[in-house]
Amino acid sequence: MTVSDPFEVIRDAARAHGLKIKETGEDDYFFSSPLRPDSDPSVHVTRKNGKTLVADMSDPTDRRLVEETLQALGTPDVFKSADHDRSYSDRSDMERIAALAARNRKASSRSPATAKIKEPARLDRLEKLKPYVPASASPVYSDEFRRLCALLHVEPAPGLRWATCPACGEEGTLRMVYSPLNAATLIRCNSLQCAADLNGLADVLRVEPDRRYIAKHDGMTLMDYDRNDSQATYRRYAGGSLPFHVRYVYPDGSAVWRGAHGPQTGDGEKPINSAGTGGQRPLYQGDNAKKWALAGKPVFLVEGEKDAATLWALGYAAVSGIGGGGSFADRLDLGNARDVLAGADVIAVVDKDETGRKWREQVEKTIRPIAGDLTMVQATGNAHDTTDAVMMGEWFEILPDPTPAVSISLPTVETDEEEDEGAFVPPATDPYETFWQSRPFLTRIRDAARQSLVSPWATLMCVLARVATRIPPQVVTPRIVGGHGSLNCFVGLIGEAGKGKDAADAVASMLVPDLRGANTIMPASGEGVAAMFAARRKADDDEGSDGRETTTCCINSRAYLRVSEVSQLGALMGRQGSTLGPELTKLWSGQLIGTLTKDPAKRIYAPAFGYRASMFVGVQPGNAGVILDEEATGLPQRFLWADCADYWPLDDGAFVDGYRPDPLTLGDMPADPTGLQQLYRQAGRENMIDGGDANYPLTELHYPARVVSETRANRKRVMQSNTYDPPSEEKLDTHSNFTRIKTAAVIAFLDTPPGRTVQVTEAHWALSGTIMAYSKGELGKLLRYRAMARRKADADREKDRRISKTMADKSIETDKRKARKRILSFMQNPSPKYLKSGEADSDRWARHEFTGIELKQNTNGDARGYVYDELLSMAEEKPPLVEVVQQGTGPGSTVWKRTASGTA
């Protein structure tokens, strides 16, 4: 029989017999055996080194199975052509594999504990860390993993598998673990020969000839991927397209792909491609790890997805961050990290390189405050990272704490505070002196504040709020963004107790004394905000009422809310179900405020442009979170901020006895609207005839063209920013332009002489820009203070936790020593009760042999809880201090006896 190509002849014959064929490469395929009823493709045919090789994977060492398969296909003489140098396999190869398989059968009958695999001592708290994630009752293994197991005569099983290496022939040196999350089998031979030549090992394992889906992990471990190149996902990489063999999926749907080889086809390359991974992302496998953390099990934290997947394959919960070790802190979603690792026992594995060092620093800052306990470890021996440690037979050692020790050996905690730049030294002169002298009203505000020993900036902010309160509610800003804008104003004065927050407002009240009857009582709830302006009253007879109906009417169109301590505002906003925070944000914007109730007679609302409101809040830096934490509702963005400190007070000789400032002269205010009650009855201008233009017209202030153009440009930047970017000082600046527009209007009323039309000028716009720049700077200082205070609080809690843990550990060790001493003492000199004759156990007691229960009953206090642990510990010591006389079902029923080495 003349055969053109045995590789093709066998495939054609299998196809002709209707057998299932699985193509796994250009020169590689499987087909189902004609000798067995199952349809699983299990006969492997491949081209290698000029030969066609055939093996039945149910037993790749049995040549008879191949001969019977070829006979059943009708191609028994396919390899006997004189025209071709092809054969089933080298006889020497088959004999060698058969011998290795026999040795592996013998090795697999031994437990791993008796196999010739040396496990290093596991240090400290890691010593007793055994796998705890159970393997699946019905594990699913890839065809490639089953092929390797069959080749090495090792039963497919989860966890680490040992085998005799087919490359070097050394027994028990080949380690293999199937990792489903890696979609690969990790393989390493720890012999010197194979460790230096992984390519040779790959060849002997009969992977595809060019090893296109085999990757070297740091040159130390083979990763035999489940999918070859034809089965992989091709994605763009380095200007072209490459196959990616595994996809790591994060809880939020973002994904990272890893390939076996880069564009230069180097074994050491590991191209990585990602999708949807921008910004901050959750922990990889965080959802699965959380349940083990809640169960009290330790969770490993590693640099990359591959290492995490390796640990899961071994029975340990593990997580990693996205984007590599160097960007761990920047890319981590802290909210997700808190959800997964809060209070957890975390073991962080630090790689042995510069990136690992940086990663460790970032883990200290981000995870230390979250975790219940964080232990930094590193691979032992020559292993570089987690996967190396597993595959090289190494483990982890605990890294020393980088922080210096203090007296009595209590652990110290890094607070991560700002670098000490020395004591604050203010400039010799006020940097805003030109600003204060630019307008007469500004000079008067500054002088009045310093004559009264309060902050000029705090006084200015209160003056702005009080002037805004005087302006009638129908006066509005022009329609540049959206609709017309209100001139309502909020100010926050920053200072600790006694810094002069209320005093600054008192000086401002002298400069602007008339608030035109504004309400000054802070509402206690969101519903109370509308009640400052509106109430339900009986409808007038001329409105067609029967005298019993009620309608909404305006009782006061102005409010100046004074909150001396922000904690008062926090108490009101913190009530369960409180809507005060959101209502205050609407109040600043001048929107419709109020709530819809089931009973129409109880509905109270204040319509847009129907009220004027300002608010002054005294903010102690330590309590600033009341406002700053409301960022989601937009509350802090709506404030003008000022420091109550003044670093340039007057000299003693400059003070004027009995000084009282004269009120400021303000520009002409428009008259209060006549159609205010109709506006309230109709619940807004949009419900009035002609949109309110006839009965409630608005007075629109005039602004220069520059304001319009700058406002539009600013609005475009806001519209084009990423909605989902994390919070930042820039995000807290989103209302700054509207606040500046309001401030410029109030300055116009302060700067325009009576008898002249009030309009905003370029000069007013420039002054408002200076005020906004100052306010933004103070908000930035407040944010930094809050961040530093939070870090210090976290550090204090961590310090307390460590001190408590140290004390608890010392107490436990003391109790263990007491338990040990009591056990040995009692065994040597038992109590009289155990010296009586005639008891059932008298003979045993006379030999000074006691059950664990008896020993525990004769141990007092907290030490009793450690009796069983100490019995086991003393029995394992060298030399042992106690020994087992009679094995029970547990340490309590086991009979123990003191050895010659066991002295109390």
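Modeller: Contact, or touching, means that heavy atoms lie within 4.5 Å. The model is predicted: local features need pLDDT of at least 70, side-chain atom pairs count only at pLDDT 80 or more, and totals for chains, interfaces and linings use all residues. Residues are numbered from 1 along each chain as its sequence is written, and side-chain values use heavy atoms, with hydrogens and water left out.

Biologist: Which residues does Val177 touch, not counting residues up to four places away in sequence?

Modeller: Val177 lies in strand β6 (residues 174-179); helices (H or I, at least four residues) and strands (E, at least two) are DSSP runs, numbered from the N terminus. Val177 is buried, with a relative accessible area of 0%, where buried means under 20%, exposed over 50% and partly exposed in between, with a 1.4 Å probe and protein chains only. With residues up to four places away in sequence set aside, the residues touched by Val177 are Gly159, Leu160, Ala184, Thr185, Leu186, Ala313, Leu314 and Met391.

Biologist: How many Å apart in space are Val177 and Val390, C-alpha to C-alpha?

Modeller: In sequence, Val177 and Val390 are separated by 213 residues. In space, their C-alpha to C-alpha distance is 9.4 Å.

Biologist: Which residues of helix α8 are buried?

Modeller: Helix α8 has 10 of its 10 residues buried, so it is largely enclosed by the rest of the structure. The helix is followed by Gly315, whose phi is positive, near 105 degrees. The buried residues of α8 are Glu305, Lys306, Asp307, Ala308, Ala309, Thr310, Leu311, Trp312, Ala313 and Leu314.

Biologist: Which residues have the most contacts inside the largest nonpolar core?

Modeller: A nonpolar core is a set of buried Ala, Val, Leu, Ile, Met, Phe, Trp, Tyr and Cys residues joined through side-chain atoms within 4.5 Å. The largest such core has 63 residues, and those with the most contacts inside it are Phe300, Leu301, Val363 and Ile367.

Biologist: At about how many degrees does α8 run to β16?

Modeller: Axes are lines fitted to C-alpha atoms, for helices over the stretch in contact, and angles run from 0 to 180 degrees between N-to-C directions. Helix α8 lies across β15 (299-302) and β16. Its angle to β16 is about 175 degrees.

Biologist: Which strands stand at the edges of the open sheet of five strands?

Modeller: Two strands pair if DSSP finds at least two bridges between them. The order is β16-β15-β17-β18-β19, with mixed pairing. Each edge strand has a single partner, so one side of each is left without a neighbour in the sheet; these strands are β16 (318-320) and β19 (396-398).

Biologist: In β18, which residue is the bridge partner of Ile347?

Modeller: Strand β17 (residues 345-349) and strand β18 (residues 373-379) pair in the parallel sense over five bridges. Within β18, Ile347 has as its bridge partner Thr375.

Biologist: How many disulfides does the structure hold?

Modeller: A disulfide is a pair of cysteine sulfur atoms within 2.5 Å. For Cys489 the closest cysteine sulfur, in Cys462, is 9.4 Å away, too far for a bond. For Cys644 the closest is also in Cys462, at 8.0 Å, again too far for a bond. The number of disulfides in the structure is zero.

Biologist: What percentage of the residues of the protein count as buried?

Modeller: The protein contains 27 helices and 32 strands. Among contacts between residues at least 6 apart in sequence, 66% join residues at least 24 apart. Of the 904 residues, the share that counts as buried is 49%.
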